[in-house]
Amino acid sequence: MTRLLLVYHSKTGGSRQMAEAAADAAREEVETVIKIAAEAEPEDLLSSDGYIFCGPENLAAIAGLLKDFFDRCYYPVLGKIEGRPYAQMVCAGSDGENAARQTARIAQGWRLKEVQAPLIVCTHAQTPERILAEKQIPEDDLDRCRELGAAMGAGLAMGVF
């Protein structure tokens, strides 16, 4: 059976909400496994046919625990997952572009195939209090996450990717 792996990190709940929305929609199409970045391993990547990576942008970069996932898994799967499709989602306080670029560079090193432009949800959190506060992602943004998950699942199920 075709398998989609969704790896995410979330400290204030925004990325978790996004990841859960995408995973719920993808499950209607393919087997979908969702793992927090701290628990995801190279074997999870090797046993999956496609990926969604999701995390917050912290200080204009990939969040540390998502970066840790990539650091731990990069070399063990290098040359073994080439050509597999991926998409990414970023929960950002401002623009999210740099985190998306960093993830894309890692995926490029793995020779993954980007099948959708990065989905960036901006929370507009710009003060320390708002940055550290629990997030509530608006339903229209969660719908965008569901659309990404459904499209990724359908594409994998139909063999489009």
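A disulfide here is a pair of cysteine sulfur atoms within 2.5 Å. By that rule, this structure has 0 disulfides. What you have is a predicted model, where local features need pLDDT of at least 70 and side-chain atom pairs count only at pLDDT 80 or more, while totals for chains, interfaces and linings use all residues. Residues are numbered from 1 along each chain as its sequence is written, and side-chain values use heavy atoms, with hydrogens and water left out.

Back to the cysteines. For C54, the nearest cysteine sulfur belongs to C145 and sits 6.7 Å away, so C54 is in no disulfide. C54 is also buried, at a relative accessible area of 0%; buried means under 20%, exposed over 50%, and partly exposed in between, using a 1.4 Å probe and protein chains only. C145 is likewise buried, with a relative accessible area of 0%.

Next, look at the aromatics. There are 9 aromatic pairs, where rings of Phe, Tyr and Trp (its six-membered ring) pair if their centres lie within 6.5 Å; planes under 30 degrees apart count as stacked, over 60 as edge-to-face and the rest as tilted. Take F53 and Y86: their ring centres are 6.2 Å apart and their planes meet at 40°, so this pair is tilted. Because F53 lies in strand β3 and Y86 in strand β5, the pair ties together parts 33 residues apart in sequence.

Leaving aside neighbours within four places in sequence, T103 is in contact with F53, I62, F70 and Q88, contact meaning heavy atoms within 4.5 Å. T103 counts as buried, at 4% relative accessibility.

Finally, the pocket. On a 1 Å grid over the protein atoms alone, a pocket is an open set of points where a 1.4 Å probe fits, with protein on both sides within 12 Å along at least five of seven lines; lining residues have an atom within 4 Å of a point. The largest pocket holds about 440 Å³ of space. Of its 21 lining residues, P56, E57, N58, G93 and I131 are the closest to the centre. Strand β3 gives the largest share of that lining, 3 residues.

Terms used. Grid points are joined across faces, edges and corners, and a volume is the space filled by probe spheres set on the points. Helices (H or I, at least four residues) and strands (E, at least two) are DSSP runs, numbered from the N terminus.
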